[in-house]
Amino acid sequence: MKRAGILNRHLSGALAELGHGDGVLVCDAGMPIPDGPRVVDLAFRAGVPSFAEVLDGLLAELVVEGGTAAAEVRKANPAAAELLEARFPELDLVSHEKLKELSAGARLIVRTGEARPYSNVLLRCGVFF
């Protein structure tokens with residue numbers, strides 16, 4: 001049994017399969033899930049687990065080169081925008097429609113229970129060396 005880090009076996013296993021350049025969409029409970037990418041659904045109840053908790057847990061375990069989010073987050077959800085800009089100083093912003101298109105190319109989608117709009121980010125995996 002793991003001592004620390006991500007304990008969910010499905011998520012931990014999916015993370016171990018990621019490589020340089022792979023995309024990981026961390027999304028709220030309302031984001032449409034495209035066919036194709038592997039999905040680990042962590043949503044339990046509205047708000048549980050939160051987008052921030054899941055994002056920070058993933059960032060603690062992954063090497064991430066950057067992130068892409070919907071530009072609409074700034075107006076619709078300033079708290080999420082602040083969180084994302086703090087985690088990604090060079091955050092790429094695209095339209096929500098474009099983010100949905102890009103999510104179809106993700107290798108993994110991690111759905112949270114977040115119930116605030118536009119709490120979504122597409123992570124781009126890096127390499128540790």
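Two residues are in contact here when they have heavy atoms within 4.5 Å of each other. Keep that in mind as you click around this predicted model.

**Stop one: the sheet.** Show the strands. You'll find an open sheet of 6 strands with mixed pairing, in the order S2-S5-S1-S6-S3-S4. Its edges are strand S2 (38-41) and strand S4 (92-94), each of which pairs on one side only. On average, neighbouring strands are turned by 20° against each other, ignoring direction.

**Stop two: a strand pair.** Now select S3, residues 64-70, together with S6: they pair in the antiparallel sense over 4 bridges. Pick out Gly 66, and look for its bridge partner in S6, Arg 124.

**Stop three: a helix on the sheet.** Select H1. This helix lies across S2 and S5, and runs at about 145° to S2.

**Stop four: the largest core.** Select Leu 11, Leu 58, Leu 108 and Val 121, the residues that touch the most other members of the 24-residue largest nonpolar core. Elements giving two or more residues to this core include helix H1 (9-16), helix H4 (78-87) and strand S6 (121-125). Helix H2 gives the largest share, 4 residues.

**Stop five: Val 121.** Which residues does Val 121 touch, leaving out those up to four places away in sequence? They are Val 24, Leu 25, Val 26, Phe 51, Leu 55, Gly 67, Thr 68, Leu 84, Phe 88 and Leu 91.

**Last stop: another core.** Finish with Met 31, Ala 70, Ile 109 and Leu 122, which are among the 8 residues of a second, separate core.

Conventions. Residues are numbered from 1 along each chain as its sequence is written. This is a predicted model: local features need pLDDT of at least 70, side-chain atom pairs count only at pLDDT 80 or more; totals for chains, interfaces and linings use all residues. Side-chain values use heavy atoms; hydrogens and water are left out. A nonpolar core is a set of buried Ala, Val, Leu, Ile, Met, Phe, Trp, Tyr and Cys residues joined through side-chain atoms within 4.5 Å. Buried means under 20% relative accessible area, exposed over 50%, partly exposed in between (1.4 Å probe, protein chains only). Two strands pair if DSSP finds at least two bridges between them. Axes are lines fitted to C-alpha atoms, for helices over the stretch in contact, and angles run from 0 to 180 degrees between N-to-C directions.
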